[in-house]
Amino acid sequence: MSIYAWCSRRAGGLAMLATIALSYWVISSELDAQRHDYKYQSTNSLSAPRHSSKKGSGLVAVFSYYCLLIHLLVFIFPLRSCWAVLTITNSLKKAARARALRDIKFGHRRRGSSTSLSSSETLTSSRDVSSTSSSEAGDQDTECYMDADIAPDRVIHAIVIPNYKEETDSLRETLEVLASHPQARNTYDVYLAMEQREHNAETKATRLTNEFSKKFRSIDFTVHPSDIPGELAGKGSNMAWAARKLSEKYSLGQRKDVIVTGIDADSHLSSNYFAQVTTMHMAYPDTATTTLYSAPIIFDRNAHNVPAIVRVADVLWSAAGMSGLYKGSSIAPPTSVYSLPLELVDRVGGWDCDSEAIGEDLHMYLKCFFALNGNLTSRTVLSPVSQTNVTGGGRGKGIQGVMIDVRARYKQALRHMWGALDTGYALRKVVEVWNERKHTSRAFRPLHTSLNDDLDSYVPQSQLDSVDAEATPESGIFSDVVTDTLKEPDWERIVILFHRLFEAHFLPVQMTILVVASTLYMWVTEGMPDVHGVGWIFSICNVLRTLGFMEVALYLFLYEGFHRICVESREKEMGDAGLLKGMHFSRREVKTNFIDYVMVPLVAPIFGSIPCAQAQICHFWTLDLVYTVSKKVTRRRAKSVTADALV
């Protein structure tokens, strides 16, 4: 391993140590200057002692301006999140009103058929949509994609549900929601991605596939082996195995219209999610195979049964994901649920399986981003995904119950922050992009034709050039090879990406260190002359810090409207599908959730700075993290017979 590779994997920890060292030096220098607040001009001089204004002024300036930069980033992040949640909420409300009018107009023709509306009766045709030239995230009008009735059957959705030791009822509920979609029987290929290390995983999967065999275009399961060398157990390695298996089922002609969607076992997606993805895929053929689709997430099923501190942590986590989904954003990393064309999966060699891929959603985004020289198209799916809050089973009751849930949420926060390894991955990839910037020709094969080594899917251009051009493509050894020419690296997007990575993986710890260090610096220099001329910087930092907290409070206020429209839409859809009975809905009101606003100062360190620091320190001696699956909330129903009881 090269020194650069070693340092890149520990970039967060090295940055933390560097900031602590800089802060210590600056503060200790000021203390030392106070203890020796004079120096002699000469041995015979009778001049009064004076302070040395030059000592360490350079490092003090670095410390001060870096502190200002961090506070500016802390100010910008919640502001961007507020703008994102505001625009997304307005778009959802606009779509809900248009859908309600359409339901009134065509309600008698829609029931019981996914093709009851002709293309002329939809609000906007695909041709109208494709007239838009922008390829940024969230650049679409929601009316264009709000109804599943416009989804053509030629686009196939390969939906992968990675799971490990999930309750059968949780998986069944997720499948029931998917099966309720009008396009499910024509376009959904569902894959339950099981783990071999789970006892009776095949028995569980077989029962579910038999139960839902007639509800989808197809439903199958894969079993990820537990003994593959070099793999870390987790969602990423499970997705990689499932993708390789499902890849075998689609011909070269089909692959460009197969969309792979990875969801969590507790994710509830609206039919509009897949309708929007389908329409955007067809409306933009030029970028159809280089687009990744992301959607906002919402915790709206058991938020009322978890402690306020856990609830706020999840709300702010969804804010982090939503901060890149505003209209015009070119960098939109997904959170938990995302979709991408199978041809793009082929191009990048599928999902990675090592320690750095523990946050498989962001890691896959980065892999696609750099494989395309930063020219990955990001599109926002304006159909929020319903998730459950993490719980340890305490249900927020009593001190012990609160501690159980907080402990479970902290474990998840540590897993999220372990994803700081992705920053190192990005640092190494950007070097590759620079080294290969003049070599833009690429060739790749279907995912299932390559072996375990990612390099096996790469075909040198020299080999392709040596093939007889007049030979029949179908008969040659390169008949399944796809060739392409990449665009030049988009350095502006790459810079923006690293800004977002810094926000996610560095900012929590850096901000905490500098808040403490700047406070100590101001206390040490209180009453002393501002010989370095940096006092104004810390005054601005105090203002930015206060505004940052106010912006978080504003986000929570704006989130109330977002949460309300999402719950109302999901409740209506579940009612129409006959799944309303026993389904959980968590409603919010400012007057009953005022405690959430009070919890913000506690959430930031407990689920942000502390797990981030722990992860970065641990990376110095290990890159592996073993975590357990959190409990999920399901509909109220009779307890299912477990797989263990059947064997």
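**From a surface patch to the interior**

Reply: I20 is partly exposed, with a relative accessible area of 42% (buried means under 20%, exposed over 50%, and partly exposed in between, with a 1.4 Å probe and protein chains only). The model is a predicted one, in which local features need pLDDT of at least 70 and side-chain atom pairs count only at pLDDT 80 or more, while totals for chains, interfaces and linings use all residues. Residues are numbered from 1 along each chain as its sequence is written, and side-chain values use heavy atoms, with hydrogens and water left out.

I20 sits in helix α2, and together with W6, L14 and L17 it makes a nonpolar surface patch of about 340 Å². Such a patch is made of residues with over 30% relative accessible area and no salt bridge, nonpolar side chains (Val, Leu, Ile, Met, Phe, Trp, Tyr) being joined within 5 Å and like charges within 9 Å. Helix α2, residues 11-35, supplies the largest share of this patch, three residues; helices (H or I, at least four residues) and strands (E, at least two) are DSSP runs numbered from the N terminus. For the protein as a whole, the accessible surface comes to about 28,800 Å², of which 58% belongs to carbon and sulfur atoms (Shrake-Rupley method, 1.4 Å probe, only the protein chains shown counting as cover for residues).

Turning inward, 56% of the 647 residues count as buried. The largest nonpolar core has 41 residues, and L340, W351 and L366 have the most contacts inside it; a core is a set of buried Ala, Val, Leu, Ile, Met, Phe, Trp, Tyr and Cys residues joined through side-chain atoms within 4.5 Å. Helix α13, residues 360-371, gives the most to this core, with seven residues. Apart from it lies another core, of 33 residues, with L92, V306, L325 and L382 among them.

I565, in helix α19 (residues 535-577), counts as buried because its relative accessibility is 9%. Leaving out residues up to four places away in sequence, I565 touches T89, L92, K93 and A96, where contact means heavy atoms within 4.5 Å. The C-alpha atoms of I565 and K93 are separated by 6.8 Å, although these residues are 472 apart along the chain. S64 belongs to helix α3 (residues 57-110) and counts as buried at 0% relative accessibility; beyond its neighbours within four places, S64 contacts V534, I537 and F538.

Helix α19 also takes part in a charged pair. The side chains of D300 and R570 meet in a salt bridge of 3.0 Å, N to O (a side-chain nitrogen of Lys or Arg within 4 Å of a carboxyl oxygen of Asp or Glu). D300 lies in the loop between β6 (297-299) and α11 (308-322) and R570 in helix α19, so this pair ties together parts that are 270 residues apart in sequence. Both D300 and R570 are buried. By contrast in setting, E432 and K429, joined by a salt bridge of 3.4 Å, N to O, are three residues apart in helix α15 (residues 421-435), about one helical turn, and count as partly exposed at 42% for E432 and 23% for K429.
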